[in-house]
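Let's take a friendly walk through a protein model together. Have a look at the picture first, and then read on.

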Amino acid sequence: MKTPKYLSLFMALAIGSTALTSCLGGDDSTDDYAGISYVNNAILGSMKRYIPFKKADGTDTVSVSTVTGSTYPLTIDQVGHRIFNCDSLPTYTHVDKVTFSNFTCQGTATIKSLTTGNDTLFAASDSTDYRQPREITVHGLDGNSDVTYTVELRVHQEEGDSLRWHRLAATTPAAHLADLRLMTRGDSLLAWGVGEDGPVAMWALRQNASQWQRATTGTDVPQPATIVRQGAAFYGLTATHVMRSTDGINWTATATRPEGLTTLAGATTQSLYGIGTHGFLRSTDHGSTWAADNAGTNDSIPRTGATALARPTQANADVEEIILVGTAEGGRTVAWKRNEMRREDMEDVARFQWTHIAAEKDNLHKIPDVSLPALAFYDNGTLLCGTKSNGYAALYLSYDTGRSWDNTVIALPALPAGAQATMTVDNENFIWILCGTDGQLWRGRLNRLGWKDTDATH
């Protein structure tokens with residue numbers, strides 16, 4: 001009777017076990033473990049990364065660097081018999097000649113050939129092609145037990161900090177509207193603007209963003225620049241009333257607009273915030289009554305274009321952090337901040353006030369002067385969209401709560417000069433840009449914010 005190939009291979013390995021070094025290493029193998037086989041450690045060695053780029057003269061070339069494999073730990077799934085790296089290797093990493101700096105197992109390991117399909121003895125120092133998943137089998141010393149692992153090395157196919165814009169609509173009902181405001185609501189996009197007949201509201205599904213519906217026109221729609229969201233509700237101002245809506249389309253008056261309330265800026269869990277003729281105002285009853293909030297004669301208090309965002313602080317989830325941006329006297333764009341307790345019963349725990357984030361003279365990235373600013377939280381920072389004095393819109397990102405702003409992290413798509421652009425961010429980390437000149441709609445996302453852990457369920 002012929003001896004099967006795999007048995008012949010195992011017998012050869014077993015006979016030579018006193019002369020060959022096993023995966024386990026040392027003299028720890030005993031009869032007690034003869035029927036046990038598994039991989040207990042695997043660490044990648046160094047790999048090469050070949051990054052293409054263009055020289056100044058336009059010719060193509062390649063930059064070569066080394067990727068340290070140990071900084072990308074391998075996960076060993078003993079149930080599913082898989083070995084993989086959760087954190088993908090950098091783009092352009094070559095995995096066609098991979099070695100392991102460490103590979104230990106209980107038993108003796110073989111690897112399945114990509115050409116013949118036969119098993120050959122596996123050694124950690126061997127240069128191996130992992131451009132596709134490979135099968136490594138660990139054979140127990142009893143000759144009967146073995147476990148086959150699928151080894152997969154993942155490499156990013158796109159740069160994490162790159163962003164590609166996609167134009168989803170060449171025109172929308174936002175074309176030729178002023179004072180644009182854009183927000184999301186569940187699976188929908190909501191937008192408001194001012195046309196010849198007054199304020200306009202419109203909406204579209206995010207999954208079908210080229211199909212917009214112009215929902216309402218008339219005096220019932222608040223002034224778009226005053227619209228803010230608090231939880232699931234929207235608030236805004238008409239000339240005479242504070243308005244409320246649960247869908248952003250149908251509005252009802254909730255209170256008479258108090259004299260001196262010039263705009264709504266933003267909301268926290270407990271409060272609505274506005275700007276008055278004498279400074280900041282606050283309402284804790286959905287806009288019915290308003291009280292001065294750190295009011296004063298500071299000439300850096302925004303008078304127009306005020307917009308604010310709030311989120312829990314990293315240090316204390318019971319405290320919300322508010323950042324507000326607007327235009328002060330003289331056309332200067334300014335930033336302010338304030339904290340607030342998230343629960344009404346904790347209001348007396350701490351008292352907070354508005355603080356002006358003053359621009360330091362030597363700060364090369366101080367807040368830019370922009371008109372009609374829009375804010376959104378993004379990538380653990382604050383994203384600001386607005387139109388500069390030269391007539392071009394731009395995006396700025398601040399990672400230090402409004403002290404410095406960088407316009408090199410995320411660049412806007414090519415919009416026409418003088419285009420009024422507004423922006424929002426959805427729950428999938430997509431940035432949406434709506435242009436009021438011709439109604440273009442764009443969407444983009446930093447690549448790494450769209451990466452998902454494919455093994456989250458394992």
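A residue counts as buried under 20% relative accessible area, exposed over 50%, and partly exposed in between (1.4 Å probe, protein chains only). Tyr50 has a relative accessible area of 33%, so this residue is partly exposed. The model is predicted: local features need pLDDT of at least 70, side-chain atom pairs count only at pLDDT 80 or more, and totals for chains, interfaces and linings use all residues. Residues are numbered from 1 along each chain as its sequence is written, and side-chain values use heavy atoms, leaving out hydrogens and water.

Of the 458 residues in the protein chain, 45% are buried. The secondary structure comes to one helix and 33 strands; these are DSSP runs (helices H or I, at least four residues; strands E, at least two), numbered from the N terminus. Tyr50 sits in strand S2 (residues 47–54).

Now for the inside. A nonpolar core is a set of buried Ala, Val, Leu, Ile, Met, Phe, Trp, Tyr and Cys residues joined through side-chain atoms within 4.5 Å. The largest has 25 residues, and Ile136 is among those with the most contacts inside it.

A second, separate core of 21 residues includes Leu395, Ala419, Cys435 and Trp442.

Which residues does Ile136 touch? Not counting residues up to four places away in sequence, its partners include Phe103, Phe122, Tyr130 and Val151, where contact means heavy atoms within 4.5 Å.
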